Amino acid sequence: MSTVKDQVGEVLLGTSEEPQMSQLTRAAFMKHALKDEASGEYYLSENEFIDAVAPESEDYHKIKRFQYGILFVVADREKKGRVTLRDWSNFQNLLAKPDAEYEVTYRLFDWDGDGLIDFSEFYNVWKAHKGEDSLPFDWNSEWATLYIGSKDKRHTMTYPQFSQMLRGLQGERVRQAFLHFDKNKDGYIEPEEFQRIILETASHKLSDHLLENLHTLCNISAGSKISYANVRAFQNMIQQMDMVELIIRNAANKSSDGKITRTDFLNEAARISRFNLYTPMEADILFHFAGLDEPSGRLGLKDFARVLDPSWHTAYSLGSSAIADAGQKAFSTTKSLLYDVLEGVHHFALGSLAGAFGAFMVYPIDLVKTRMQNQRSSRVGEMLYKNSLDCARKVIKNEGFRGLYSGVLPQLVGVAPEKAIKLTVNDLVRGKFTDKQTGKIWWPMELIAGGTAGGCQVVFTNPLEIVKIRLQVQGEVAKTVDGTPKRSAMWIIRNLGLVGLYKGASACLLRDVPFSAIYFPTYSHLKRDFFGESPTKSLGVLQMLTAGAIAGMPAAYFTTPCDVIKTRLQVEARKGEATYTGLRHAAKTIYQQEGFKAFFKGGPARILRSSPQFGFTLAGYEVLQRALPMPGHADEEGPRSHVEPGVGLAEAKAPLPYLRSRNALKIILDLDENFGRPKLPQGKTWPGLAGLGGKPQA
């Protein structure tokens, strides 16, 4: 078990050594393995293998979970109907290869394991999985002959040759299917025939929205049929989805409202693409499918997501999935709601502890800042402290090291609600003003959101601050005024009363509103504009620490005058010192007696406190999450709905073995959609209803 020191290092610097593959491999195997009572050997049958490579928590909307059983054939090298620990280790090692997707597919067809695939070997495997009603494919075509030789001159295929053949296979399947339907050889087919071609060749890669509206492709030009040019243009677009989305995102970022037209797309494509230009027909097809519900032709990322995101579900498919899994999820819904509430409490508790930790670590700096701000006299003979370092030395000399933590308890108590209120209000207000289509917010609204958050926290933090400040300065009073009793926090609260606890609240508002108005927008823009945070890039802890520290500097320093006034109003005046009657009186008196520089007393100390406090709080929170995980969280570890990226070019979060298993199945399904699907009795058909969890119907 790692120590707290190790965990802090991992949070700040990351891990340089990954767990040994053998340990992870064995643990994953033993979690699902069965035991052979006769031999004592542990093994995985096909069902247990699927459980190991395809967790139930994943989204199997496109590639059904049972189809992962085809990988069992690859892992079961000796064809015994079981996968041993050695087989499992070899399979996991295979998935760790950079070209694992193609090698997994190659081994599926290399039935005898000799490293070469002859045509009969390949054809037998393909024929065994091909559906009875699938579109025909001619392996004696000119295209196939180029890879495997003519019918009387077949040759074996090496791994590179086989992989390259698979790369172009889907396009050839589409071409042959078009010729199959083009009976009169006029170069046109019916929309329903085009829809069937795409459903059989690419439904595992395309979104529901695209699949359900394929027949509308005929509307991009005059006439009611679909030409081969239309089909090729469509094929080119779906093969370049990643590049298409990059162009769309770049163009949308340059648009004032986050929306683009066909012209914007083609102009941006000309700037980005070096070797691949998009034809007018290809652009027409993209905007046709993305703009079915937005005829204006000016489209945002949400419109394109329905075309570009393969995991996009229609309401129908989501409803079908819900109906199919209703029995399984009836209890889990209630459990999930309770779990979400408990998880929120858990995060709040950890945030409170982390906030208290951050406040505790920088509290001596806060105390020095308060003492410097409370020092009124500008005459050298009456000055207690020359500067911040002199103040710290004298506190330790006169009051001991514990003097640096005078009044720390109220500060620790107040940190939790202060952080919770501030962060929650800022998020809520930002959410109200953020454009749901583009995710952008106008900068004045950012200032309002931050300022509102700062204003709301004053209700809770002002009473705690006044108690903290009086506890912080009473140590110096005791050393300068004989017979001064030491007061407790409760005595100060009773003495001040409810009204007294809000003394200096106007100055507190004057400090906290601009502080948060500066801090939150600056922090947000630093993360996004300087460090490049986006849906496709998440920042490391050190980057977030740096952004928080930099954002805290101007916010802390520019609000120091308000903090000085607040401190003077909240500290109990000593004998012989003037008592401030209000905000304006305090500001006027300080300026007249001590000059303009007095408003920035403790400014450096305030900066030094704010920046590291954010760092300690965030690092502490990360360490606590690892040391005190949510009970039951470990049971849900592993990829959860991350096999397919979400909307847009979002990076998938699942481990590479899971992703490569999925990608290998995509390549295999390019051969035929029925690969991995159980064979049904003669005369029975596969209903293929989305969301049924992959159970065959009789």
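Predicted model: local features only at pLDDT ≥ 70, side-chain atom pairs only at ≥ 80, totals over all residues.

Colleague: Why is Glu-282 said to have no salt bridge?

Modeller: Glu-282, in helix α15 (residues 280-290), has Arg-232 as its nearest side chain of opposite charge, 8.1 Å away.

Colleague: What makes the pairing of Glu-282 with the side chain of Asn-236 a polar contact?

Modeller: Their side chains are 2.9 Å apart. The cut-off for N or O atoms is 3.5 Å, so the pair counts. There is also the backbone nitrogen of Thr-279, which lies 3.0 Å from a polar atom of the Glu-282 side chain.

Colleague: And which residues is Glu-282 in contact with, leaving aside neighbours within four places in sequence?

Modeller: Those are Ala-233, Asn-236, Met-237 and Leu-277.

Colleague: Now the largest nonpolar core: which residues have the most contacts inside it?

Modeller: Phe-49, Phe-109, Trp-139 and Phe-675, in a core of 47 residues. Several helices each supply at least two of its residues, including α3 (46-53), α9 (159-181) and α28 (656-671). The largest share, 6 residues, comes from α28.

Colleague: What is Phe-49 in contact with, beyond its neighbours within four places in sequence?

Modeller: Its partners include Leu-44, Tyr-68, Phe-72, Trp-88 and Phe-91.

Key: Residues numbered from 1 in each chain as written. Heavy atoms only, no water. Core = buried A, V, L, I, M, F, W, Y, C linked by side-chain atoms within 4.5 Å. Buried < 20%, exposed > 50% of the residue type's maximum accessible area, 1.4 Å probe, protein only. Helix = DSSP H or I, 4+ residues; strand = E, 2+ residues; numbered from the N terminus. Contact = heavy atoms within 4.5 Å. Lys, Arg positive; Asp, Glu negative; His and termini not counted. Salt bridge = Lys/Arg side-chain N within 4 Å of Asp/Glu carboxyl O. Polar contact = N/O pair within 3.5 Å; in protein donor to acceptor, adjacent residues only side chain to side chain.
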